Amino acid sequence: MITYRKMTLDDIDQILLIEEEAFATPWTREAFEHEMTTNLYSHYIIAETETKEIVGYCGMWIVMDESHITNVAVSERMRGKKIGEGLMREAIRVVLEQDVVLMTLEVRVTNDIAKNLYYKLGFQDGGIRKNYYTDTQEDALVMWVEFK
């Protein structure tokens, strides 16, 4: 069984392992520490097993009535088990409690698995950010969902 909770500083070591697996240009410890201690807008959710192993996380910024997903990642061995969907549903639950009306994110134009999940959750295409990803110069698709 997977449970979801707010991320703490103690979770960063496990988050960094997932970050290394998931991204060509992973965030640093300092970046996560900044998000957890200094950025007043950031909210991070982790997915963990019964044995307290962290298997995924989702970060977002909540500013007034809008939210921006900064990153979502699931450990390689746990992909395909709907953990990413669970993280996104939990993120949506959190923002709805705070009267957020709009959520946005960027996704690689070639990441069909992620795009299909976001479409399933009601996201729409919003535009293209050219050469957004510095590792490959790949474009990002901006997606958004409005909550009624």
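Five of the seven residues of strand 5 (residues 102-108) are buried, so this strand is largely enclosed by the rest of the structure. Here buried means under 20% relative accessible area, exposed means over 50%, and partly exposed lies in between, with a 1.4 Å probe and protein chains only. Helices (H or I, at least four residues) and strands (E, at least two) are DSSP runs, numbered from the N terminus.

The model is predicted: local features need pLDDT of at least 70, side-chain atom pairs count only at pLDDT 80 or more, and totals for chains, interfaces and linings use all residues. Residues are numbered from 1 along each chain as its sequence is written, and side-chain values use heavy atoms, with hydrogens and water left out.

**Strand 5 and its partners**

- Strand 5 runs parallel to strand 4 (residues 66-74), and three bridges join the two; strands pair if DSSP finds at least two bridges between them.
- In this pairing, Glu66 stands opposite Leu102 of strand 5.
- Strand 5 runs antiparallel to strand 7 (residues 140-146), to which seven bridges join it.
- Leu102 also stands opposite Glu146 in strand 7.
- Strand 4, helix 3 (residues 83-97) and strand 5 make a right-handed β-α-β unit. Right-handed means that, with the strands pointing away from the viewer, the path from the first strand over the helix to the second runs clockwise.

- Arg108 is placed in strand 5 and counts as partly exposed, at 22% relative accessibility.
- Arg108 forms a salt bridge with Asp135, their closest N and O atoms being 3.0 Å apart. A salt bridge is a side-chain nitrogen of Lys or Arg within 4 Å of a carboxyl oxygen of Asp or Glu.
- Because Arg108 lies in strand 5 and Asp135 in the loop between strand 6 and strand 7, the pair ties together parts that are 27 residues apart in sequence.
- Asp135 counts as partly exposed, at 31% relative accessibility.
- Leaving aside neighbours within four places in sequence, Arg108 is in contact with Lys115, Tyr133, Asp135, Thr136, Glu138 and Asp139; contact means heavy atoms within 4.5 Å.
- Glu138 has its place in the loop between strand 6 (124-129) and strand 7, and Glu138 is buried, with a relative accessible area of 16%.
- The side chain of Glu138 makes a polar contact of 3.3 Å with the side chain of Arg108, and another of 2.5 Å joins the side chains of Glu138 and Thr110. A polar contact is a pair of N or O atoms within 3.5 Å; within protein, one must be able to donate a hydrogen and the other to accept it, and residues adjacent in sequence count only if both atoms are side-chain atoms.

**A buried glutamate without a salt bridge**

- Glu35 is located in helix 2 (residues 29-37).
- Glu35 is buried yet has no salt bridge, and the nearest side chain of opposite charge, Lys6, is 12 Å away. For charge, Lys and Arg count as positive and Asp and Glu as negative, while His and the chain ends are not counted.
- A polar contact of 3.0 Å joins the side chains of Glu35 and Tyr44.
- Beyond its neighbours within four places in sequence, Glu35 is in contact with Trp27, Ser42, Tyr44 and Trp61.

**Other salt bridges**

- The count of salt bridges comes to 14.
- Glu85 and Arg89 meet in a salt bridge whose closest N and O atoms are 2.9 Å apart. Both residues lie in helix 3, four residues apart, about one turn of the helix.
- Glu85 counts as buried, at 13% relative accessibility, whereas Arg89 is partly exposed, with a relative accessible area of 44%.
- A salt bridge of 3.9 Å, N to O, joins the side chains of Glu48 and Lys52. Glu48 counts as buried, at 4% relative accessibility, and Lys52 counts as exposed, at 53%.

**Positive phi values**

- Lys52, in the loop between strand 2 (42-48) and strand 3 (54-63), has a positive phi of about 70 degrees although it is not a glycine.
- Lys82 lies in the loop between strand 4 and helix 3, and its phi, near 70 degrees, is a positive value in a residue other than glycine.
- Lys82 counts as exposed, at 58% relative accessibility.
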